[in-house]
Amino acid sequence: MENYALLNWALLLGSFGVLIFIGYLSSRVVKDSDETGFLVAGRSLGPFVGAGTIVATGFSGWGFMGSPGVAYEFGSVEVLGNFFFAPAMVIAVLYFAHFLRRRAEELGSCTIPEYVSQLHGGGQLLERWVKGVAATITIVLLLVFLTSQIKAVGLLGASWLGIELTESALLMISVIILYTMLGGLAAVAWTDTLMVAGMGIGAVVMMVQIFTDVSLTEMIDRLNAVDPELLNPSTSAPYGDSKGSVFLVLPYAFLFTAVLPYMAVRFLAFKPTVKMHQVAIWVAPMGCLLSLVPIVGMYVRIAHPELAEADQAMPVYLATFLHPALAGIITLFILFAMKSTANSLLHTVSSAASHDLRTALFPNSKASGARILWINRIWVAILGFVGFLMMLYAPPFMLSWLGILGSGTLLAVMIGPVFISSFWQGNGYGALAAMLAGLMTSGSFLLFTEVGWVEGPLYGCLVSSVVYVTVSKLTQAVSAGVVARSC
């Protein structure tokens with residue numbers, strides 16, 4: 001066993017070296033005179049790298065740790081729900097990515113909060129308010145999500161390496177901070193593409209092992225023996241009380257890809273010459289393959305129905321059903337999955353702090369390109385360690401739920417200003433009201449009610465969208481007057 005422990009450390013340190021080297025190479029995209037290099041990779045992403053970073057970030061940590069835990073607890077409803085992410089991502093790439101990329105390039109936007117403020121206009125003061133509020137909410141909610149990702153990667157790393165959770169989490173977040181600081185979004189995208197390849201290999205190996213051990217028919221019979229609700233649920237829990245609630249994952253996942261700042265910023269980073277159908281061709285098979293991972297949770301349920309915590313399904317699988325050497329390699333790939341979301345969240349929150357909040361609070365500040373780049377990088381380090389501290393002092397939580405609290409609520413915040421505005425554009429007052437309404441509605445549902453994990457954010461999306469249109473219409477005259485005075 002000591003030899004396998006040394007192998008695990010060798011795999012981890014080797015992967016760290018590769019990730020840091022990629023960060024160093026991608027730092028060439030980050031030019032001192034041009035902040036777009038850090039924020040949107042200099043708009044340099046091609047179809048394959050763009051698809052890889054979208055899929056890696058979308059599935060990643062919750063897909064490999066949280067989702068098997070949900071499948072262990074609730075059964076086949078999670079397999080179906082997880083599968084909806086693949087077509088949803090394809091739809092978002094085909095029917096929304098080109099519009100967002102083109103419009104953001106016209107406006108000169110490098111982040112989603114900046115895009116929202118520039119799109120809605122209304123004079124410098126209102127634009128600063130919109131950008132500042134959007135950036136602040138993005139930082140708060142994505143730090144919540146980042147907390148879940150740091151804990152997930154820490155838990156798996158701790159069990160794999162035989163060290164404490166705190167040590168593991170600090171080790172992982174430190175490396176993520178380092179290569180994200182070096183190359184910004186380019187480093188995130190390039191490392192994500194490497195990671196998604198490992199994630200795909202891991203998914204294939206796990207499916208081969210599972211269905212070599214038990215046939216699909218045998219798995220069905222044994223799951224029915226454990227609990228018939230696992231295969232024929234009377235509800236869509238945890239997504240909702242009705243059996244059809246799981247189908248709400250499809251629109252949720254579409255909006256997740258199209259609207260969330262840490263996902264949508266990838267659309268801003270594509271080369272202007274990239275055709276989105278080329279990206280979709282890569283997204284579809286990657287997404288479908290990774291959609292199979294929750295089956296691991298159902299497999300563990302028939303073998304170990306007594307687990308105290310559902311989130312232990314994947315660690316138990318790796319420790320029990322794979323050869324230690326193979327388990328070490330697959331664990332590395334799963335750590336890749338978790339890092340791909342953590343680095344995306346970290347880049348987005350640091351961009352919101354170093355770029356959006358800075359320009360909202362100090363619009364007339366003069367700073368050189370080199371100084372701005374170091375501001376970007378310093379905020380990566382600051383917020384990375386803030387997320388680590390939040391993980392240390394957070395109360396017990398289910399990983400997937402905390403992720404949805406952060407990402408789902410941010411989805412409700414941004415749907416009006418980012419998505420509804422693509423076919424009906426409101427004004428800055430509507431954008432501000434919609435963001436606050438989405439924050440309060442989705443957050444309240446998820447924190448204080450028993451409503452389903454998908455239903456709460458979607459109710460928030462509905463309220464936010466209505467508020468966006470209503471307030472924009474009611475303040476048209478005020479907005480027009482502000483624009484006239486500014487002219």
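**Entry 1. The largest pocket**

I looked up which helix gives most to the lining of the largest pocket: α16 supplies the largest share, four residues. I take a pocket, on a 1 Å grid over the protein atoms alone, as an open set of points with protein on both sides within 12 Å along at least five of seven lines, and lining residues as those with an atom within 4 Å of a point. Helices are DSSP runs of H or I with at least four residues, strands are runs of E with at least two, and both are numbered from the N terminus. The model is a predicted one: local features need pLDDT of at least 70, side-chain atom pairs count only at pLDDT 80 or more, and totals for chains, interfaces and linings use all residues. Residues are numbered from 1 along each chain as its sequence is written, and side-chain values use heavy atoms, with hydrogens and water left out.

I noted a volume of about 300 Å³ for the largest pocket, a volume being the space filled by probe spheres set on grid points that are joined across faces, edges and corners. The pocket is lined by 15 residues, and Asn8, Ser159, Trp160, Ala319 and Ala327 are the closest to its centre. At least two lining residues come from each of α1 (2-26), α8 (124-161), α15 (313-321) and α16. I sorted the lining by class and found 11 nonpolar, four polar and no charged residues. Here Ala, Val, Leu, Ile, Met, Phe, Trp, Tyr, Cys and Pro count as nonpolar, Asp, Glu, Lys and Arg as charged, and the others, Gly among them, as polar.

**Entry 2. The second largest pocket**

I then turned to the second largest pocket, which holds about 180 Å³ of space. Its lining includes Ala237, Pro238, Trp401, Glu450 and Trp453. By class I recorded six nonpolar, three polar and three charged residues in this lining.

**Entry 3. Cavities**

I searched the whole structure for cavities and found three of 30 Å³ or more. A cavity is a set of grid points where a 1.4 Å probe fits but cannot get out. The second largest cavity contains about 80 Å³ of space. Of its 13 lining residues, Thr111, Ile112, Pro113, Thr348 and Ser351 lie nearest the centre. I found that α7 (112-120), α12 (261-268) and α16 (324-361) each give at least two residues to this lining, with the largest share, five residues, from α16. The lining is made up of seven nonpolar residues, five polar and one charged.

**Entry 4. Aromatic pairs**

My search of the whole structure gave 18 aromatic pairs. Rings of Phe, Tyr and Trp (its six-membered ring) pair if their centres lie within 6.5 Å; planes under 30 degrees apart count as stacked, over 60 as edge-to-face and the rest as tilted. Phe85 and Phe256 are edge-to-face, because their ring centres are 5.6 Å apart and their planes stand at 85 degrees. Since Phe85 is in helix α5 (residues 85-95) and Phe256 in helix α11 (residues 249-259), this pair ties together parts 171 residues apart in sequence.

I checked burial next (buried is under 20% relative accessible area, exposed over 50%, partly exposed in between, with a 1.4 Å probe and protein chains only). Phe85 is buried at 8% relative accessibility, and Phe256 is buried at 4%.

Trp424 and Tyr468 also form an edge-to-face pair, with 6.2 Å from centre to centre and 85 degrees between the planes. Trp424 sits in the loop between α18 (399-419) and α19 (428-448), and Tyr468 in helix α20 (residues 455-474), 44 residues apart. Trp424 is partly exposed at 26%, whereas Tyr468 is buried at 0%.

I also noted a cluster in which ring pairs link Phe59, Phe85, Phe145, Tyr252, Phe256 and Tyr262.

**Entry 5. Charges over rings**

I looked for charges over rings (NZ of Lys or CZ of Arg within 6 Å of the ring centre and within 35 degrees of the ring normal). The charged end of Arg301 sits over the ring of Tyr72, 5.2 Å from its centre. The charged end of Arg377 sits over the ring of Trp374, 5.3 Å from its centre.

**Entry 6. Two buried residues**

I located Ser117 in helix α7, where it is buried with a relative accessible area of 2%. Not counting residues up to four places away in sequence, Ser117 touches Glu127, Val130 and Lys131, contact meaning heavy atoms within 4.5 Å.

Glu78 lies in helix α4 (residues 76-83) and is buried, with a relative accessible area of 2%. Leaving aside neighbours within four places in sequence, I listed Trp62, Ser67, Val70, Ala71, Tyr239 and Pro294 as contacts of Glu78.
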